[in-house]
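Welcome! Here is a short briefing to read alongside the structure. Take a moment to look it over, then follow the topics below.

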Amino acid sequence: MGFSEIFGQRQVISLVGRVIETGRLPHALLFTGPKGVGRSLTAVTVAKALNCLAGIKGDCCDRCPACHKIAKGIHPDVHLLAPEGATLKIDQIRTLTQEAALRPYEGRRKVFILDEAETMTEQAQNALLKTLEEPPGATLLILIAPEASALLPPIASRCSQIRFAPLPESTIAARLQEQGCDEEEAHLLASLAAGSLGRAQELRQSALQEIWDLIDQAIALSPGKTLPVLELTERVVRRKETLSLFLEALLAWCRDLMVSKVTRHEARLVYRRHGAALKRQSERLTLAQLLAMYHTVKQTLDGLGRYANPRLSLEIMFLKLRDLQTA
Amino acid sequence: MSYQVLARRWRPQTFDEVVGQEPVTRTLKNALRQGRVAHAFLFAGPRGVGKTTTARILAKALNCEKGPTPDPCNQCPSCQEITGGAAVDCVEIDGASHTGVEHMRDLQERLIYQPVRGRSKVYIIDEAHMLSLSAFNALLKTLEEPPSKVFFILATTQPHKVPPTIHSRCQRHEFRRIGHGLIVERLRAIAEAERVEVASEALGSVARAADGSLRDAQSILDQVIAYAGERVTAEAVAAVLGWTAPEVVRAAAAACFAGDAGKAVELVGELAATGGDLHAFLFDLLEHLRSLLVVKLTSRAGEILGLAPEAVQDLERWGANVEIPHVELALRFLLDAEWEMRRASQPRYVLEVTLVRMAEARGLQSLGNLVKRLESLEGRLGAAPDRPAPQPELFAAQEKPSLPERPATATGLEGQWDEVRRRIGAERRSLAVLLAEAEVALEGETVTLTFANGNHFSQSTLEEPEVRNLVASTVSAVFGRRLQVKYHFLPSSAGNREEDPARNPRRIPAQDHPLVREALEIFEGRIVEGGEGGDVASPR
């Protein structure tokens with residue numbers, strides 16, 4: 001797989017291709033951007049292009065033994081470091097430092113790819129500093145992180161940062177349609193995926209229909225009644241796997257309400273299909289109410305991220321939402 | 001051979017080449033000249049400003065064949081070995097990977113040997129803040145009195161992590177962030193030497209993004225040259241840094257200040273649809289508003305922001321109608337959002353909600369506006385401008401009897417008593433609260449205040465002579481004659497607390513409360529205790 005097959009990152013690809021071709025490749029790169037937009041794939045392709053035996057300028061052939069070995073992760077000069085458990089540890093970095101001091105075995109350049117570099121412990125990051133500034137010989141380090149500020153400033157300052165933009169929604173939607181989604185579903189998934197093709201594909205695998213049903217019920221909670229709230233909570237909590245997905249979908253609904261309050265363009269909605277219903281609901285409520293609804297869901301989502309009790313949090317959220325809508 | 005980045009290729013090799021650290025380099029040069037070089041240094045400062053570089057130059061200066069000299073020759077074998085990182089007498093230790101006490105012991109064992117080639121041995125401990133506490137302690141004795149001809153240089157970005165016992169044994173040098181102008185100058189020199197044409201604005205943008213770190217600036221320049229080739233424009237820099245087009249940023253800010261939330265959301269939508277970087281957009285917006293604030297606050301904005309005079313004037317014109325408090329509020333919203341966006345799974349929503357809130361906040365009147373409106377209102381009412389708050393007559397007019405001399409009737413008494421409390425409240429707020437509980441009666445020349453629930457606190461407060469005088473004088477002033485004030489404190493009784501449920505129509509029997517009824521319905525329960533006499537609010 002050459003650079004041409006990386007999806008949707010034309011600017012990055014042309015930049016990287018050009019630096020390799022002109023021989024101005026720095027010794028340390030930092031790939032930033034959301035997950036699932038092609039950062040690791042690009043890193044591996046760079047490693048291939050540097051070590052490919054076919055000698056294509058600024059790209060790789062994907063057929064030679066070197067390319068094959070790199071694709072399989074068994075090339076002796078290309079190392080992929082990923083977190084051991086939750087973090088990238090200092091021992092991994094020490095091994096890297098020792099390894100970097102050696103000449104390449106069979107390739108032209110040694111490449112170290114640090115995936116999820118933001119998980120490096122503070123010690124690990126500090127241990128990397130000297131190697132990152134002046135790596136011995138022909139070593140290239142590629143760090144992958146969501147953004148530069150997720151790393152210590154001295155680390156980021158030693159790297160050339162290459163920004164991977166979130167993919168445009170239309171691009172993701174088009175790709176999903178190619179893979180057999182219908183247009184509405186593709187749009188919905190693309191908007192929920194926040195610019196990450198990987199996330200969109202993950203979403204597609206999950207039980208979305210059930211979530212839409214639950215959201216319909218959440219919206220229809222009628223004033224004054226408490227029993228339906230408890231029942232709904234029960235149903236949502238029982239599906240642990242989709243809990244956060246449900247909340248994010250609900251957050252998107254609240255966001256849509258706010259957006260349809262302030263603008264008439266339905267194209268910007270996540271739930272385009274429900275444009276009319278959104279409009280009706282948002283017209284009944286004030287902007288302050290809508291913002292409060294959004295924050296209620298947001299708070300619950302944040303709380304669950306910090307191990308709040310799901311059942312209690314959801315009950316409170318639904319009650320608040322119900323009261324906000326009727327206030 | 002692989003490409004060497006600009007930051008490495010252009011690493012300064014003499015003290016004079018080090019940019020923006022004049023106090024440090026001058027001190028070191030003078031010390032070398034006078035032969036008063038300390039044996040231990042601590043170099044502290046942010047990333048990419050020249051700590052390690054200066055340490056290496058110092059090592060060269062001490063070991064140069066022509067020296068110790070403030071200007072190392074960079075020609076002799078000793079200098080060249082240090083530049084190449086191969087010198088035996090200049091040992092660079094990575095403090096972050098050699099953190100343990102055993103590493104320090106190792107180092108100490110080797111201190112007794114004489115320098116191999118040069119006059120002195122220099123140990124540079126980089127990232128010194130990562131050494132363990134025991135490693136630092138093991139170093140203390142050596143650092144205080146090292147063998148002759150041994151020099152230590154500790155470099156760190158986090159001096160606060162270095163124990164005070166180390167600080168006190170070292171000569172500490174603070175490295176500062178490098179000014180905008182100096183960075184631009186240095187970048188221009190590098191670009192010329194590299195035979196690359198870089199536009200002035202482009203250099204300015206790079207320097208701004210580098211935020212005081214020369215290495216950052218060089219890294220960015222490297223990237224921009226790779227991206228744009230021989231001719232670098234400001235647009236190329238913006239593209240590499242992921243900056244949003246200034247028109248979009250201004251349009252979004254304008255929409256927020258105009259209260260047009262729809263437009264703002266629309267702009268974010270467009271940006272997301274084209275794969276724009278929303279974090280970068282937020283930063284651009286922040287920077288734009290910050291510049292606006294600076295321009296509005298000071299006439300030296302050009303210097304502070306590193307902007308050309310035309311750009312400052314342009315910004316001034318753009319934000320002529322925006323008031324400072326609004327900018328401030330907007331900045332506060334954006335700063336909160338910046339933090340939140342990092343953790344959010346949908347940064348876009350955070351941005352949208354923030355912009356909508358900013359647009360809404362415009363609806364809140366600024367303080368200046370309110371004061372102006374109040375003043376014009378006063379003017380229309382024809383009140384004298386130096387008059388304070390509304391006069392009592394205006395307030396009490398309806399309740400006051402038409403004849404001022406007439407003895408106070410029941411309603412007149414109430415009205416006057418309210419006025420007394422208002423006046424006392426203006427002097428001592430807490431007193432007015434206490435007096436609110438009193439029942440007032442006027443008999444002849446005596447005003448009697450009865451406190452039904454007189455506790456010790458209210459009694460002792462009211463009986464202070466100062467308070468007594470204040471109350472008496474105020475009462476006399478309001479009623480228009482000299483009156484005596486008497487207090488009457490009734491002991492607090494249980495009867496006062498327990499209210500009669502019949503007197504409070506809002507209280508309802510427990511079994512009729514909607515919550516209770518719903519609970520019964522949900523759990524299909526029945527009332528076991530409480531029943532008839534139950535009362536929702538009464539304590540049991």
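Predicted model: local features only at pLDDT ≥ 70, side-chain atom pairs only at ≥ 80, totals over all residues.

- Helix α11 (residues 227–238) of chain A packs against helix α15 (residues 310–326) of chain A at about 135°, and their axes are 9 Å apart.
- The crossing of α11(A) and α15(A) is right-handed.
- On the α11(A) side, the contact includes Val229(A), Leu230(A) and Val236(A), while α15(A) brings residues including Leu314(A), Phe318(A) and Arg322(A).
- Sorted by class, this contact of α11(A) with α15(A) holds nine nonpolar, one polar and three charged residues.

**Where the chains meet**
- How many residues of chain A are in contact with chain B? There are 46 of them, and they touch 45 residues of chain B.
- Elements giving two or more residues to chain A's side include α1 (10–22), β5 (160–163) and α14 (287–305) of chain A.
- The largest share of that side, six residues, comes from α12(A).
- The chain A side divides into 22 nonpolar, 12 polar and 12 charged residues.

**Nonpolar cores**
- The largest nonpolar core has 211 residues, and Ile142(A), Ile153(B), Val206(B), Ala264(B) and Leu355(B) touch the most other members.
- Helix α12(A) gives the most to this core, with 12 residues.
- Setting aside neighbours within four places in sequence, Val206(B) is in contact with Leu187(B), Ala217(B), Ile220(B), Leu221(B), Val224(B) and Val237(B).
- A second, separate core of 13 residues includes Val420(B) and Leu462(B).

Definitions and conventions: Residues numbered from 1 in each chain as written. Chains lettered and ligands numbered in written order. Contact = placed C-beta atoms within 7 Å. Helix = DSSP H or I, 4+ residues; strand = E, 2+ residues; numbered from the N terminus. Nonpolar A, V, L, I, M, F, W, Y, C, P; charged D, E, K, R; others polar. Axes fitted to C-alpha atoms, helices over the stretch in contact; angles between N-to-C directions. Left-handed = near helix turned anticlockwise from the far one by under 90°. Core = buried A, V, L, I, M, F, W, Y, C linked by C-beta atoms within 7 Å. Buried ≥ 20, exposed ≤ 12 C-beta atoms within 10 Å, placed from the backbone.
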